[in-house]
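Please read it alongside the sequence and the model shown here.

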Amino acid sequence: MTSTIRSLVAGAKKLALGESPASMVDLFPKTDPAVDGDACTHDCESCHVQYPRGFKIDETDPLYGEVKGWSTHVLVATGKTDWVRDVEDEKGSVMEAIGRAKPPTNGRMKLSASNIPTPHGNSSYDQPTTVLLLPAFTILDNVTPQNVPTLMSEFVEKAPTTTSPLKSATLDKSPAPSTDHSPSLAVEIASRPCPHSVLILLCSQKTRDTRCGQSAPLLRKELERHLRPLGLYRDLDDTRAGGVGIYFISHVGGHKYSANVMVYRRPDPFGLDGRQRAQEGGDLKPVIRNTAAEESGGVGAAQCIWIARVKPEDCENIVRYTVLQGKVVKPETQLRGGFDRGRGLLSW
C-alpha cells in the first residue's frame, strides 16, 4: 500500500511540473515471440551459477518510473569492488573531491565508484586515476582530487546528457589547462573515446547490501559465459574496439530489488536492432565494429536500460535481447527505467 501511494504522489508531482515521462510500453520494445522467437519466453535452462540459499528480494513493489533521473553519469576508476557506505566519504579520493565540488549546471550528475583498473595498478588514491563519463562514452585520464574543478567545468558541463539529441558532441581531446600552476596541480586531464560498444554496470557494494556483493560476481560470470562465444566479452584490461565491458559500481539505489543492472548502449551497436530473429532462424551474429572510431563526433550512448530483480537465469536473454537489440524481456517485473536519446524518451 505504501509503495502504491508513493507512486501516485510521484506521478502527481510530475503532472504538476508539466513533465511527461514515457510509458513502460513506449520506452523500450518488449520482446515478442512472433518477432524474436520462442527463446524470449523462457529463462536459461543451463545456468552455471545460482544465488545463495536465502537470497531474498522484494518482488511486489512497482519498479518502473521510481528512479531519480540523471543527466550525466561519472564512473571513477578505483580498482576496488567495495567502498565505504557513501563513496564521497572515501578519504583522499576523486569521489570525495567531486562531492565537495560545485555541481554541474547541465542537470543532475550520478556518481559511481567502479572497479575499473587504475593506471597505476592499485587501489591507492594518491595517484591520478581514470574517469568514465556517460552517456558520452568518454574516458578521462589523469584525474586527481586537485583537478576535479576542471573535470566538472571542462568535461562534465560540456558533455552530452541523457536528454541531449543524439548527435555529435565532441569533447575537447587536448589537455585542459589548469589555472593553478603549483607542482601539485601539474597533471592535466585528457580525453579519449571508450572503446566498448555496450557497457553493463552491476552494483557490487556489499557495504550497502550483502546481496549486491553476492550477485555482482555471479551475474558477471554468467554474462561472460554468453558473451564469449559471440566474441563480445571484454575484461577490465581489454581495450579492443567494440564488444561489451562489464564493470562493478557502487550503490545505485533499490538494493531490495537486487540485482540492479544498467546497460548503456551506443546506437545500434551490433547492427541487430531492427532484425527479427523469428524470421531469420533464431540466433543472429553481431557485427563487431569500432563504433568509437565510426562516431567521429562522439554521439555516445543512445540508450540506458536499467533493470532489476535480475537472476542468473535471466542472463542469456539479457545478452540475446537487451545487450544485442535494446529490448526488454520482462518489463512488467524488471524494468526500472532509463532513456532513449534517439527517440527523446526517458522514464522520469
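## The largest pocket

In this predicted model, the largest pocket holds about 430 Å³ of space. Its lining is made up of 20 residues, and those that lie nearest the centre of the pocket are E88, R108, K110, L111 and H251. By residue class, the lining of the largest pocket comprises eight charged, seven nonpolar and five polar residues.

Among the secondary structure elements, α4 (94-100) and β2 (109-114) each supply at least two residues of this lining, and β2 provides the largest share, with three residues. In terms of domains, at least three lining residues of the largest pocket come from domain 1 (22-66 + 196-286 + 299-346), and at least three come from domain 2 (72-165 + 188-193).

## The second largest pocket

The second largest pocket contains about 300 Å³ of space and is lined by 17 residues, of which I116, I139, R192, L236 and T239 lie nearest its centre. Nine of the lining residues of this pocket are nonpolar, while four are polar and four are charged.

Strands β3 (129-134) and β4 (138-143) each contribute at least two residues to the lining of the second largest pocket. The lining of this pocket also draws on both domain 1 (22-66 + 196-286 + 299-346) and domain 2 (72-165 + 188-193), with at least three residues from each.

## Cis peptide bonds

Most peptide bonds are trans, and most residues other than glycine have a negative phi. Against that background, the peptide bond from L134 to P135 is cis, with omega near 5 degrees, and P135 is found in the loop that runs between β3 and β4. A cis peptide bond also joins S258 and A259, where omega is about 5 degrees; A259 is placed in the loop between β8 (244-249) and β9 (261-265).

## Positive phi angles

N142, although not a glycine, has a positive phi of about 65 degrees, and this residue lies within strand β4. Because its relative accessibility is 34%, N142 counts as partly exposed.

R309 is likewise not a glycine and has a positive phi, here of about 55 degrees, but R309 lies in a loop, the one between β10 (303-307) and α9 (315-325). Is R309 buried or exposed? With a relative accessibility of 4%, R309 counts as buried, since buried means under 20% relative accessible area.

How values were computed. Residues numbered from 1 in each chain as written. Predicted model: local features only at pLDDT ≥ 70, side-chain atom pairs only at ≥ 80, totals over all residues. Heavy atoms only, no water. 1 Å grid on protein atoms, 1.4 Å probe; cavity = no way out; pocket = protein on both sides within 12 Å on 5 of 7 lines; lining within 4 Å. Points joined across faces, edges and corners; volume = space filled by probe spheres on them. Helix = DSSP H or I, 4+ residues; strand = E, 2+ residues; numbered from the N terminus. Nonpolar A, V, L, I, M, F, W, Y, C, P; charged D, E, K, R; others polar. Domains from an automatic or database assignment. Buried < 20%, exposed > 50% of the residue type's maximum accessible area, 1.4 Å probe, protein only.
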